[in-house]
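Hi,

Here is the model I promised to pass on.

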Amino acid sequence: MSLINQEITHTYALYNGDCVKVMRDIPGASIDFSVFSPPFADLYCYSDSPNDLGNAKDYREFFTHFGFVVAELARVLKPGRNVSVHCMDIPAMKERDGYIGIKDFSGDLVRAFEREGFIYHSRHIIWKDPLIEATRTKALGLMHKQLQKDSIMSRAGLPDYLLTFRNKGANSVAISHPDGLTRYCGKHDPTKGETGIKRSHNIWRAYASPVWTDIRQTHTLNHKNARDGDDEKHICPLQLDVIERACVLWSNPGEVVLTPFMGVGSEVFGAVINGRRGIGIELKPSYYAQAVRNLVEAANHKNQTDFAFDHDNAAIGNQLQPSKGGFDETLVTANDQAERQP
Ligand SMILES: C[S@@+](CC[C@H](N)C(=O)[O-])C[C@H]1O[C@@H](n2cnc3c(N)ncnc32)[C@H](O)[C@@H]1O
């Protein structure tokens, strides 16, 4: 077993290891919902480990490796239940790709899930300010001076997406909201003080909107201390509004939510403060350590909802056998896996 560390409580189980390996120890059809943000192909590399999906030698190798993650998700998710993937399309760059353009990463994720029998269920677009993207990336297509010079290269900014897929089979436990939605999370409460079912209708209208313009971009978990000395970039934690909306729509209180790419713990934190139980897997020890610290905070969070499950009977996750420290180099690398593919 490729496990470096673990933290198991009644409400969450955190594993420091490779998600493909750790998921193999999760029983089939035991997860109610999964939400995560994977490495965006080969855009950022988080660690030196060959098991880091961000370490793929190219875009194709990323999807070979990611295929193993999707296969495990299809196995561990209950039939008819959903998985939500946060992503964006990826700019193609002259130096790296030989051309300037956009890679259809979201479309390739859809095809990867469809190959494993998932049904493409929903796409939310999460609005992002093109000026912030222009300042951060210096993308030619967003520069005002490029527009003045020759707008043939001018383009739209790149939004985030939340793609949701449904596992094959029939869902056996409804996710019902008899009182509708009662708590709005986001920037502009659309209910204007309304109550009851009217309020619920307006929250639902905001959540069902194909474009989410009301996500608080900076409402995220602490990630500053997760940095390793040699890290070039900070991790970018997923906004808690996105996680809360997904958990509330696609899981019941007390159910188990999995993230195979835990980072600093946002999805597990979001699940726990909304009365779900969370399982998170993270490869990089410094991010895992920050997730452990962040999850301690979850117990004291002001939005903490009552847990609708029996604490005495609620050992979540299995205690797994840790390896003796450091990355387990016997892990299968993406190349090895590609060779084993039929
Ligand atoms: C986009 S980040 C996720 C950030 C997370 N949503 C958060 O809010 O902190 C992707 C994460 O996947 C991790 N990762 C990459 N390959 C992995 C693997 N094989 N198993 C587990 N984690 C992996 C990276 O170290 C990184 O923390």
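Helix α2 (residues 59-76) and helix α4 (residues 105-115) cross at roughly 50°, and their axes come within 10 Å. Before going on: this is a predicted model, where local features need pLDDT of at least 70 and side-chain atom pairs count only at pLDDT 80 or more, while totals for chains, interfaces and linings use all residues. Residues are numbered from 1 along each chain as its sequence is written.

Helices (H or I, at least four residues) and strands (E, at least two) are DSSP runs, numbered from the N terminus. Axes are lines fitted to C-alpha atoms, for helices over the stretch in contact, and angles run from 0 to 180 degrees between N-to-C directions.

Back to that pair: α2 and α4 are therefore oblique to each other (under 35 degrees is roughly parallel, over 145 roughly antiparallel, 65 to 115 roughly perpendicular, and the rest oblique). Phe63, Phe66, Gly67 and Val70 of α2 meet Asp108, Ala112 and Phe113 of α4 (contact means C-beta atoms, placed from the backbone, within 7 Å). By class, that contact has 5 nonpolar, 1 polar and 1 charged residues (Ala, Val, Leu, Ile, Met, Phe, Trp, Tyr, Cys and Pro are nonpolar, Asp, Glu, Lys and Arg charged, and the others, Gly among them, polar).

The other pair is α9 (residues 266-273) and α10 (residues 285-298), which pack at about 15° with axes 10 Å apart. α9 and α10 are therefore roughly parallel to each other. Val268, Phe269, Val272 and Ile273 of α9 make the contact with Ala291, Asn294, Leu295 and Ala298 of α10. This contact counts 7 nonpolar, 1 polar and no charged residues.

α9 also turns up at the ligand: α9 and β11 (277-282) each supply at least two residues of the shell. There are 23 residues around the ligand, of which Tyr46, Pro237, Phe261, Gly263 and Ser266 come nearest (near means a C-beta atom, placed from the backbone, within 6 Å). The shell divides into 12 nonpolar, 6 polar and 5 charged residues.

Helix α8 (residues 240-250) is largely enclosed by the rest of the structure, because 10 of its 11 residues are buried (20 or more other C-beta atoms, placed from the backbone, within 10 Å; 12 or fewer is exposed, in between is partly exposed). Trp250 is one of the buried residues.

Finally, the loops. Ala29 is not a glycine, yet has a positive phi of about 50°; it sits between α1 (19-23) and β3 (33-36). Lys192 has a positive phi too, near 45°, and is exposed, with 8 other C-beta atoms within 10 Å.

Cheers

Notes. Contact = placed C-beta atoms within 7 Å.
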